[in-house]
Amino acid sequence: MIILGLEGTAHTISCGIVEMYRDKVKILSNKKKMITTKEGGLTPTQIGEHHAEHIKHITETALKESKTSVKDIDLISYSHGPGFGNGLNIVNIFAKTLSKKFSIPVIGVHHGAAHILIAKYLLNIRDAIYLYVSGGNTQIISLEKNTRFYVYGETEDIAIGNALDKLARSLGYGFPGGKIIEELAKKGSYFNMPYTVKGMDIALSGILTFAINSIGKHRKEDIAFSFQEHAFAMITETLERAMAYTNKKEVCVVGGVALNNRLQEMVRIMAEQRDAKYHRLDKEFLGDNGAMIAVAGYHYYKYGFKGDVFKAKIKSRWRIEDAFNLE
Ligand code: AMP
Ligand code: MG
């Protein structure tokens with residue numbers, strides 16, 4: 001079956017078209033447009049305006065590149081949440097309008113579930129612990145019996161992506177900040193920062209405040225390096241604890257912060273030391289993208305999905321444990 005996926009929960013508007021046959025993924029196209037800034041962050045208004053301006057063109061380009069026409073599409077999938085209301089509304093209305101106009105079934109999926117499901121299908125993962133690290137999330141998750149996500153640990157306050165973005169902003173850079181911090185860190189050296197692990201959970205606001213207060217006292221390269229070393233070690237420590245607890249032998253990092261080579265390296269070393277299989281997803285599918293929403297749509301369709309998208313309100317907050325229920 002051919003699925004068209006639409007993403008717009010945050011900074012990126014994207015349309016992906018995938019063909020699924022017996023759980024095998026063929027990516028036909030995956031077009032994205034992301035908002036970036038030279039300094040400062042993003043506002044919800046900016047996000048809504050950006051997505052409204054580009055959604056039609058992105059979808060047309062994705063269809064053209066995939067060499068399919070709307071009539072070939074068997075299912076439309078869109079991110080129903082969580083995320084910024086302004087962006088969610090645009091994608092929601094566009095997906096349902098397409099569905100009505102061309103009489104194609106439509107499914108609303110959970111954005112975090114989609115980050116995980118594209119890794120699962122593309123890499124043929126059977127039973128992994130997933131580390132989901134993005135602008136709004138830092139969670140350690142597994143998928144049980146294809147129908148239930150379990151969260152073993154998470155951040156108690158801010159997400160790692162958000163922390164990296166705030167640190168970059170305080171250093172005078174724009175969005176996305178994680179990439180800038182990674183570049184700075186390459187020339188940095190180590191100094192001590194707070195390290196807060198609480199069982200399977202972590203807290204990042206203490207180390208973030210400390211890092212911001214270090215500006216002017218330490219080189220920015222050293223701040224970036226030390227922040228990464230501490231924060232990523234905290235995350236990897238809790239990830240290892242979840243692997244030991246569940247006895248799972250596969251691990252995969254997903255979400256925008258998974259683009260970071262140092263975080264991937266720490267997780268790979270931890271996996272090797274535990275004789276676990278380390279999966280690395282291609283970077284095209286790590287940041288927000290429409291193809292992941294399309295693959296998630298296939299999974300939802302296959303395993304049953306509760307809820308009527310035409311009745312459900314957008315969910316700007318939506319826990320991944322409830323991902324398969326729109327009611
Ligand atoms: P997502 O919401 O999943 O698209 O992830 C976006 C987040 O990924 C933002 O907070 C970015 O700063 C972060 N990010 C992007 N590239 C990198 C990188 N190379 N290292 C760390 N974080 C990154
Ligand atoms: Mg994301």
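**Notebook: cavity, pocket, metal site, domains**

I looked up the largest cavity and found its lining to be Thr138, Ile140, Gly153, Glu154, Thr155, Met200, Asp201, Ile202, Ile235 and Thr238. The model is predicted, so I note its rules: local features need pLDDT of at least 70, side-chain atom pairs count only at pLDDT 80 or more, and totals for chains, interfaces and linings use all residues. Residues are numbered from 1 along each chain as its sequence is written, chains are lettered from A and ligands numbered from 1 in the order in which they are written, and side-chain values use heavy atoms, with hydrogens and water left out.

**Cavity.** On a 1 Å grid over the protein atoms alone, a cavity is a set of points where a 1.4 Å probe fits but cannot get out, and a lining residue has an atom within 4 Å of a point. I found one cavity of 30 Å³ or more. The volume of the largest cavity is about 40 Å³. A volume here is the space filled by probe spheres set on the grid points, which are joined across faces, edges and corners. I sorted the lining of the largest cavity into four nonpolar, four polar and two charged residues. (Nonpolar: Ala, Val, Leu, Ile, Met, Phe, Trp, Tyr, Cys and Pro; charged: Asp, Glu, Lys and Arg; polar: the others, Gly among them.) At least two lining residues each come from strand S7 (138-144), strand S8 (148-154), strand S10 (201-202) and helix H7 (220-246). Helices (H or I, at least four residues) and strands (E, at least two) are DSSP runs, numbered from the N terminus.

**Pocket.** A pocket is an open set of points with protein on both sides within 12 Å along at least five of seven lines. The second largest pocket holds about 250 Å³ of space. Its lining includes Arg22, Asp23, Lys24, Lys120 and Tyr303. H3 and helix H9 (290-303) each give two or more residues to this lining. Which element gives the most to the lining of the second largest pocket? H3 does, with three residues. I count six charged, four nonpolar and two polar residues in that lining.

**Metal site.** Next I checked the magnesium ion (ligand 2). Its protein donors are His111 (NE2), His115 (NE2) and Asp288 (OD), at 2.1 to 2.2 Å. Donors are N, O and S atoms within 2.8 Å of the metal (3.2 Å for Na, K and Ca); water is not among the atoms, so sites may look incomplete. The donor spacing in sequence reads H-x3-H-x172-D. Histidine 111 and histidine 115 sit in helix H3 (residues 111-123), four residues apart, about one turn of the helix.

**Backbone.** Aspartate 23 has a positive phi of about 70° although it is not a glycine. Aspartate 23 lies in the loop between strand S2 (12-21) and strand S3 (24-34) and is partly exposed, at 28% relative accessible area. Lysine 67 also has a positive phi, near 55°, and is exposed at 76%. I found a cis peptide bond from glycine 81 to proline 82, with omega near -10°. Another cis bond runs from phenylalanine 175 to proline 176, with omega near 0°.

**Domains.** The domain assignment, automatic or from a database, gives domain 1 (2-116 + 285-322) and domain 2 (127-280). Their C-alpha centres lie 26 Å apart.

Key. Buried means under 20% relative accessible area, exposed over 50%, partly exposed in between (1.4 Å probe, protein chains only).
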